[in-house]
Amino acid sequence: MKLSSAGETAANTNISVEAGEDLVRIGEMAKKYGVTLRTLRFYEDKGLLNPQRDGSTRLYTRRDKARLKLILLGRKVGFSLRDVKQMMDLYDPTGSNTKQLKLALDKSEKQLARLQKQRALIDDAINELSGSMSAVRQMLAERSAPQASVAR
C-alpha cells in the first residue's frame with residue numbers, strides 16, 4: 001500500500017482546493033501539533049474543525065490549522081472548548097470582527113482573574129508546605145543530633 005502526500009492526494013481527488021493550499025492528512029496534523037488522532041476527531045465532532053473529506057480520509061486546510069492553533073492556545077490558558085468555539089464562530093473574514101474581539105477580551109479578562117486567583121492560592125500552598133517541611137527538617141535534625149553524640 002502506497003501512502004501519498006496530502007498534495008498528491010488532493011491532486012487525485014475531486015475536492016476543490018484553492019490554488020497553493022496545502023492539505024494535510026490527520027496523522028501529519030496530529031504529529032505537527034502534538035495531539036492525538038482522537039483529539040482531532042473529537043474537535044471535529046464538536047464543530048471546532050471541519051476537515052475536507054476524500055472518502056474516509058480527513059484533509060485539513062490552512063483554516064483548520066489556524067483554528068487548531070487557536071483551540072490549543074485557548075486550552076493552554078484555561079478556556080473551555082465551548083468558550084473557544086464561541087469566539088471562533090464569531091469570526092467573519094469580510095467584517096471588522098468587533099463583536100468577536102470584544103467577546104475574546106471579555107473572556108480573557110475573566111480568565112486572567114481566575115488564573116491570578118489560582119496563582120495566589122498556589123503561592124499560599126507552596127509557602128505552607130515549605131514552612132511545614134522546614135519544621136519537619138528541624139525536628140529530624142534535633143532527633144538525630146543526640147544519637148550521633150551517644151554513638152561516640
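The structure is a predicted model, in which local features need pLDDT of at least 70, side-chain atom pairs count only at pLDDT 80 or more, and totals for chains, interfaces and linings use all residues. Residues are numbered from 1 along each chain as its sequence is written, and side-chain values use heavy atoms, with hydrogens and water left out.

With a salt bridge taken as a side-chain nitrogen of Lys or Arg within 4 Å of a carboxyl oxygen of Asp or Glu, the count comes to six. One of them pairs lysine 107 with aspartate 83, whose closest N and O atoms lie 3.0 Å apart. Helices here are DSSP runs (H or I, at least four residues), numbered from the N terminus. Both lysine 107 and aspartate 83 are buried, where buried means under 20% relative accessible area, exposed over 50%, and partly exposed in between (1.4 Å probe, protein chains only).

Helix α5 also holds lysine 85 and aspartate 89, four residues apart and so separated by about one helical turn. Their salt bridge brings the closest N and O atoms to 2.5 Å. Lysine 85 is partly exposed at 26% relative accessibility, and aspartate 89 is likewise partly exposed, at 42%.

Salt bridges with shared partners also join Glu44, Arg53 and Arg58 into one network. Within this group, the side chains of arginine 53 and glutamate 44 meet at 3.0 Å, N to O. Arginine 53 is partly exposed, at 39% relative accessibility, whereas glutamate 44 is buried, with a relative accessible area of 16%.

Conventions
Helix = DSSP H or I, 4+ residues; strand = E, 2+ residues; numbered from the N terminus.
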